[in-house]
Amino acid sequence: MIIVISVCKEKLHELEFVKPIIDIVKSCKVVHYSKLKNKDLFDAEKVIICGTSLKDNEFLKYLDKFSWLKIFDKPVLGICAGMQIIGLVFGGKLKQKKEIGYFKENLNGFFGLNEVEVYHLHGNYVEFTKEFRVYNKGIPQAVSYGNIYGVLFHPEVRQKKLIKRFIYHKYPTALRWGS
Amino acid sequence: MKLGVLFSGGKDSTYAAYLASQNNELVCLITLHSKNLYSYMFHTPSISKTKLQAEVMNLPLIEVNTKGEKEKELDDLKRAIIEAKNKYKIEGIVTGAVESVYQATRIQNICDELDLEVFNPLWQKDQIELLNDLIKHKFEVIIVAVAAEGFDTSWLGRKIDVNMIEELFKLNKKYGINPAFEGGEAESFVLNCPLFKKRLKVVNKRIIDDRIEVELE
């Protein structure tokens, strides 16, 4: 089972940041991070941590709810806020940079994506610790560390194939897709 | 949360308002009257009728005129949102954006400057699912303008129902049109929905080119 984790403070935002992910994944269990149980993680084949709105940074107060990431050995994909959570749990530093709209990024083959147009909606990013591989130049847009992957942009807009590749391959590897 | 809705009177902004009303308080509607029929930002046919919709929703309506010039119309939108913030103490804006990154980005930027939340509850929603939801939630929606191959004036005034969804699905396969008209293929107007205290009734209609002018009561 795929576990989709919501980090939205406002329920209404889940229609914007969680439902589009559910529509791509199709069969999954959705859990808010405040209600996540060990059993959910035990039952999970893979986990996606979704993004939230530009102004919603409530999740930053509850990073302890994500300490399981350090010992979790199944594939995890963090999207925007989800990526920030991953970075911070592993000791990264939160930095500010606002980017809204379509931007061109070169992701150097991350899940098969090279020069692509991606949709940004973030006010912060994370400076990752050295164990993470960063796939682009500039502020980290796509990273991996073992079974953990993160993207700062929103792949549910225009780059849905990234989520599909993460979901449908049994053992996703960021670079197995080639160029 | 107290929310204002960017409201065109069409199916998307009305359905977004309905979804937002489930866990939040709608305190006003915001309508921009654009002189530009081809505005990138604002829906134009039947927009003058939003006043009647606001009345049956018991909500105040903020109306701002705009020439609809690309990018300059954003100043007019900002002016309207500032008025909503000052007058009704809104904490966030609701939009009916489904796929338009152009619209969504610009609204995000304005609201960010004004320290307001943005809610796009229809964002990336499947078009056929959206149309089916309207029927499920008893929205009565008519087509008021057509602007794409596959549509003719016989569509004007028709209600969105199961048969129409089937036809739109076929047109999508044949011409690639967006079945929920996200590309401006057609424009819609809501006559009734769960937010309305009273149903609006079409008492007279007149077809002008590819649009229909409706008289309501």
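Residues are numbered from 1 along each chain as its sequence is written, and chains are lettered from A, with ligands numbered from 1, in the order in which they are written. Local features need pLDDT of at least 70, side-chain atom pairs count only at pLDDT 80 or more, and totals for chains, interfaces and linings use all residues.

Start with confidence. The predictor gives the complex an ipTM of 0.94 and a pTM of 0.93. Chain B averages a pLDDT of 90, and 94% of its residues score at least 70. pLDDT is the predictor's confidence in each residue, from 0 to 100. Where pLDDT is low, the predicted coordinates should not be read in detail.

Now take chain B. Its domain assignment gives domain 1 (2-119) and domain 2 (127-216); such bounds come from an automatic or database domain assignment. The centres of the two domains, taken over C-alpha atoms, are 20 Å apart. Across the boundary, 20 residues of domain 1 are in contact with 23 residues of domain 2. Contact here means that the C-beta atoms of two residues, placed from the backbone, lie within 7 Å. On the domain 1 side, helix H1 (11-21) and helix H2 (50-56) of chain B each supply at least two residues. H1(B) gives the largest share, six residues. Helices (H or I, at least four residues) and strands (E, at least two) are DSSP runs, numbered from the N terminus. By class, this side of domain 1 has eight nonpolar, nine polar and three charged residues. Ala, Val, Leu, Ile, Met, Phe, Trp, Tyr, Cys and Pro count as nonpolar, Asp, Glu, Lys and Arg as charged, and the others, Gly among them, as polar.

H1(B) also belongs to a right-handed β-α-β unit, together with S1(B) and S2(B). Right-handed means that, with the strands pointing away from the viewer, the path from the first strand over the helix to the second runs clockwise. Strand S1 (residues 2-6) of chain B is largely enclosed by the rest of the structure, because four of its five residues are buried. A residue is buried if 20 or more other C-beta atoms lie within 10 Å of its own, exposed if 12 or fewer, and partly exposed in between, with C-beta atoms placed from the backbone. S1(B) pairs in the parallel sense with strand S2 (residues 25-34) over five bridges. Pairing requires that DSSP finds at least two bridges between two strands. B:Leu3 stands opposite B:Leu26 in S2(B). S1(B) also runs parallel to strand S4 (residues 92-94) of chain B, joined by three bridges. There, B:Val5 has B:Val94 as its bridge partner.

B:Lys125 sits in the loop between strand S5 (117-119) and helix H5 (127-136) of chain B. Because it has 23 C-beta neighbours inside 10 Å, B:Lys125 counts as buried. Leaving out residues up to four places away in sequence, B:Lys125 touches B:Val98 and B:Leu130.

Turn to the contact between the chains. It takes 18 residues from chain A and 18 residues from chain B. On the chain A side, helix H1 (14-17), helix H2 (19-25), strand S5 (93-110) and strand S6 (113-127) each supply at least two residues. S5(A) gives the most, with three. This side has nine nonpolar, three polar and six charged residues.

Finally, look at helix H4 (residues 81-89) of chain A. Seven of its nine residues are buried, including A:Met83 and A:Ile86. The buried residues of H4(A) pack against strand S3 (46-49), strand S4 (76-79), S5, S6 and strand S9 (148-151) of chain A. Just after H4(A), A:Gly91 takes a positive phi of about 95°.
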